[in-house]
Each structure stands twice: as structure tokens, then as C-alpha cells.
Amino acid sequence: MADLREVQLLVIGGGPGGYPAALHAADHGLQTLLVDEDPKLGGVCLNRGCIPSKALLHAAKLIREAHDAAEIGLTFGEPKIDLAKLRDFVQQKVVGKLTGGIGMLCKGRGVETLRGHATFEDANTVSVDGTRIRFKNCILATGSLPAMPKLFAIGDDRVMDSTGALLLPDVPKKLLVIGGGYIGLEIGSVYAALGTKVTVVEFLDGLLPLADRDLVAPLEKKLRKEFEAIYLNTKVAKLEATKGGIVATLEGKDVPDTATFDRVLVSVGRRPNTTNLGLEKAGLKLDEKGFIPVDKQRRTAVPHIQAIGDVAGEPGLAHKATAEARVAVEVLLGEPAEWGPRAIPAVIFTDPEIAWAGLSEKDAEAQNVTVEVLKFPWAASGRAVSIARTEGLTKLLVEPETKRVLGVGIVGVNAGEMIAEGVLAIEMGAVARDVLESIHPHPTLSETVMESAELAYGNATHTVAKKKTSAPKRNADDAG
Ligand code: FAD
């Protein structure tokens, strides 16, 4: 008979959902065991997702900026790329350092960790590679895996998913990216900067289908110059491995029937990871999309088992998983916590970056919500002009009557850093006047958020088109 251990809280999965949950729980005195089958904690985000992709995008940005500097009179030579050193930077100096840091955090904060694959035996017991663990409560945070449709799984390692592509096996001459979502475009941008001719094939009629078109336009314009081709409304009907490369059969208008590539990145989405979890033994079922259904307290159908992060529903984003972790633990501690954010920011870390939070114009249209859209073009921003990046746009979506901020969208360099202000405005129920009266430092790109807010009442300081101006309405409870 295998050993039987007893724990108060078992957390399965050490990604950005699981490890923060374990840390918060231990901070509040819960005896917590964190189990992960990966030798390195941090989940997909740290090991195979957010972090290595951003480290590589940083390298790509340096290459692009050195190239673009010629426009302002600074010419550098062609970059010399030491792939081994770049890989070492990403895997050791970035990923290794951060995952090691999580191990130390767990140790320092009293979270016990165990490596191995967890499978439910019943609603209160899991087996981790032979060790049986009885738990009072469990938080499931097993994340997601890259989707690899059968059509593309041809058993050739030149066909990669995002995990394979981030390992940077080489710099292929030609790369086919299947899927024009954020993962495909981010990784495609990295390879393009390293010198690869990148072709993106997207089945739908636009890149980044969830984003508003005015935010996508400046990015698409730039990518069309940097990439070899972007084929929209196009299907990859077949992949065939040949000695000379992977031959893709394409179906679409004005696209070649076939094209040959040295490597292919399949980035067509992710699926919840419930592989060999034995959920049925715990009494859990999946919804039609394969997620574990949860309520506002992140409780599953078995109330002492909660689920958070990618396995518990969309959007599949690290910060959503981490925010859910806090809710799940507060519920465990008996707090009246519930999941109900007004805004979960989305960021595409391409160049330019795209970021949005709260209601998008697409959402407003789909939900039949009337909004006033306040757009401030970056051509009117002193900071954007001084860094020669005027292609950006900042927009606020406000309620027409009250001017309450419902959504913020930004495209431009550093949009990902700027969007947090939008999230705060939406969460705090700010009106445009609150935003414009919050003094923004000059000269910064953040001023574009303030100037968008000015447009709610007439002209922004730096817009040319003259608009009738009305006095900003004060809140009744605002004496200031
Ligand atoms: P995961 O991070 O998937 O972690 C789950 C963990 O559970 C894993 O470590 C796994 O080993 C473990 N596990 C699974 N099953 C078991 C089991 N039975 N027993 C033991 N352990 C198990 N998100 C962002 O917010 N920003 C980004 O910029 C971003 N970029 C991305 C780029 C790429 C290329 C990819 C692939 C993803 C990116 N994401 C990004 C998404 C982000 O990585 C995920 O949303 C996030 O990792 C989800 O966290 P999680 O805790 O739910 O699960």
C-alpha cells in the first residue's frame, strides 16, 4: 500500500494560477502542498509562454530599432546573431532565474512542493506518481496545452507548436505561421527580426480577430512590410514533409496553391489541460469546450475543489489566472469574495503593441451598447513624435451621458505598459473628467490617455479639428 499523506490544501499546477494560490494560502496559515509534473515551477507562462516569448521579443526589438535608427541618422552594421548565446539568455538568465525564484518563494513562504503527475482517485484523494495524498480542499490549476489539429500533426519536427518555436532550434529561411492570433504574430515577429521570411496564413478575414480593427491596422501595415506574406481568408488544407521542406497546400483567393517552408509554426489556439487527471473519479465533468465549469467563487461541481486559470475558462491569460487565485483563496478563508472583474486587459506584444481593457467597439456592437468613442492619434503626441513612432492611437469608450469609462484601446509602442491606467479607470468607475484631471507626466505616451479623455468635453489640447467645447461636468460628490 502506497504512503498516504494528509494536507489541508492541495494545489495542482504551479503556473501563474497555482503558485500564487499556494503562496496566498500559506501566508494565511493553510497547510499547503503544491504539485507540478514539470521539474521547473512557473507553468506555461514562465517556461514556455509569456516570459521566453517576451525575452525573444526584446531581442527582436533591439534588432529592429538598430535598423530603424538609420532614419534618424544613426547607422549600425548588420546584426551578428549568436543563437547559442541568445538561447542561453532566454533559457538560463531569464526562464531559469525566474523559475528558480518561484522555488525559493515557496520555500520561504512555507509552501511544500512535490514533483509528479497528479491523478484523482476520488473526491478527496489524488495519487502523485505513487504517493497518495488526502486533501481537505483542492485548487486545480492545470492550465492548457497548444492545440495541434490532426491535419498538421504529420510527425515531422519541422512542424512546431509554440513550445518548440520558442526553443529557437535554428533561424529557418522560410517559416509558415498557421494562425494570425497573438502567439503566431509575436513568435513570427521574432523570427522575422532574426532574418526569416515569415508567411502568416489566417483562416478568418483579419488578424487578431478579438481586437478592434482600428487597433490592428497600424500593426498589420508594419507586419506586411516585415513579413514575406500575410494571407487572410485562407486555409492550410495539407502539410506534407519532403526532403526540401514542408509543402503546404493553401486554399484561398490570390494565394499560391502550394508553398514550401523550412519550418511551420502551428498556432491555432490552446486547449484546457485535463490530461489523465481522473476528473470523473472526483465527480467532475467538462463543459462543451473542455473547460472545468466553475461558479463565481471558482468552485467546481464538487464544492471543496476549485479550479482557476486556463483550465477553468477563457481568456487564457496569466494575469487572469493570478487574479482568480486570490479569489479562490479568499473564498477558502471564508471571505465574501467573488470573481467579477470589469476589465481583464489583453496585450499583444508585437511592435507596435496592442492593448485593450473593458469594452471594445466590437463588444459594444455585439452587446448593443451605445458608446461614445474618443480617439486621440499619436501624431499629435510630442513624445510619439520625439521617438519617431507616431503610428499609434489611444481611444476611450465612454457612456455618452455620464462619460463613464467603459473601455480603453491602445496601439503603439508600450501600449502594454499603458493599459493598466485604463484598467484602473474602468474598475474605479472613473468618468473621463477623472482621467483628464489626473495630471499625466510630460512628455509621455500616457498623456494620450488624458487627451482622449479631454475629447469627451470638446477639443483635446493637441487636436487640430475644432469641436464645440462644454464644461466638464463635476460629479455630485466631488468637492474638488
Ligand atoms: P499553466 O501556466 O498552463 O500551468 C499549469 C501547470 O500545471 C503546468 O506547470 C503543468 O506542468 C501542471 N500540470 C498540469 N497537469 C498536471 C497534473 N495532472 N499533475 C501535476 N501537474 C500538472 N499570457 C499572458 O497573460 N501574457 C502573455 O504575454 C502570454 N504569452 C504567451 C505566450 C505563449 C507562447 C503561450 C503559449 C502562452 C502565453 N500566455 C500569455 C498564456 C499564459 O501562459 C497562460 O494563460 C498561463 O500560463 C495560464 O496559467 P495557469 O496557471 O492556468 O496554467
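Reader: Which residues does Thr-32 touch, not counting those up to four places away in sequence?

Author: Keep in mind that this is a predicted model. Thr-32 touches Leu-9, Val-11, Ala-22, Ala-25, Ala-26, Val-111 and Glu-112, once residues up to four places away in sequence are set aside. As for where it sits, Thr-32 belongs to strand β2, which covers residues 32-36.

Reader: Is Thr-32 buried or exposed?

Author: Buried means under 20% relative accessible area. Thr-32 has a relative accessible area of 3%, so it counts as buried.

Reader: And what does the side chain of Thr-32 reach?

Author: Look at the backbone oxygen of Leu-30: the Thr-32 side chain gets to it at 2.9 Å.

Reader: Let's move on to cores. Which residues touch the most other members of the largest nonpolar core?

Author: A nonpolar core is a set of buried residues joined through side-chain atoms within 4.5 Å. Here the largest one has 43 residues, and those touching the most other members are Leu-185, Val-198, Val-200, Leu-207, Leu-208, Phe-227 and Ile-354. Helix α6, residues 182-194, gives the most to this core, namely seven residues.

Reader: What is Leu-185 in contact with, leaving aside its neighbours within four places in sequence?

Author: With those neighbours left out, the contacts of Leu-185 are Gly-180, Val-200, Leu-207, Leu-208, Leu-219, Leu-223, Phe-227 and Thr-350. There's also a second, separate core, made of 30 residues, with Ala-343, Trp-378, Ile-410 and Leu-445 among them.

Reader: Now the ligand. How many residues surround it, and which are the closest?

Author: To read a shell, start with who is in it, then ask which elements they come from. The ligand is surrounded by 40 residues, the closest being Gly-17, Asp-36, Lys-54, Asp-310 and Ala-318. By class, that shell has 15 nonpolar, 18 polar and seven charged residues.

Reader: Which helix supplies the largest share of the shell?

Author: That's α2, with four residues. At least two shell residues come from each of α2 (43-48), α3 (50-68), α5 (162-166), α6 and α9 (318-332).

Reader: Which backbone atoms lie by the ligand's oxygen and nitrogen atoms?

Author: Take them one by one. A ligand nitrogen is 2.9 Å from a polar backbone atom of Ala-118. A ligand oxygen is 3.4 Å from a polar backbone atom of Pro-16, and a backbone N or O atom of Ser-144 lies 3.5 Å from an oxygen atom of the ligand. As for cover, the ligand on its own has 1000 Å² of accessible area, and the protein covers 97% of it.

Technical notes:
Residues are numbered from 1 along each chain as its sequence is written. This is a predicted model: local features need pLDDT of at least 70, side-chain atom pairs count only at pLDDT 80 or more; totals for chains, interfaces and linings use all residues. Side-chain values use heavy atoms; hydrogens and water are left out. Buried means under 20% relative accessible area, exposed over 50%, partly exposed in between (1.4 Å probe, protein chains only). Contact means heavy atoms within 4.5 Å. A residue is near a molecule or strand if one of its heavy atoms lies within 4 Å of it. A polar contact is a pair of N or O atoms within 3.5 Å; within protein, one must be able to donate a hydrogen and the other to accept it, and residues adjacent in sequence count only if both atoms are side-chain atoms. Accessible areas come from the Shrake-Rupley method with a 1.4 Å probe; for residues, only the protein chains shown count as cover. Ala, Val, Leu, Ile, Met, Phe, Trp, Tyr, Cys and Pro count as nonpolar, Asp, Glu, Lys and Arg as charged, and the others, Gly among them, as polar.
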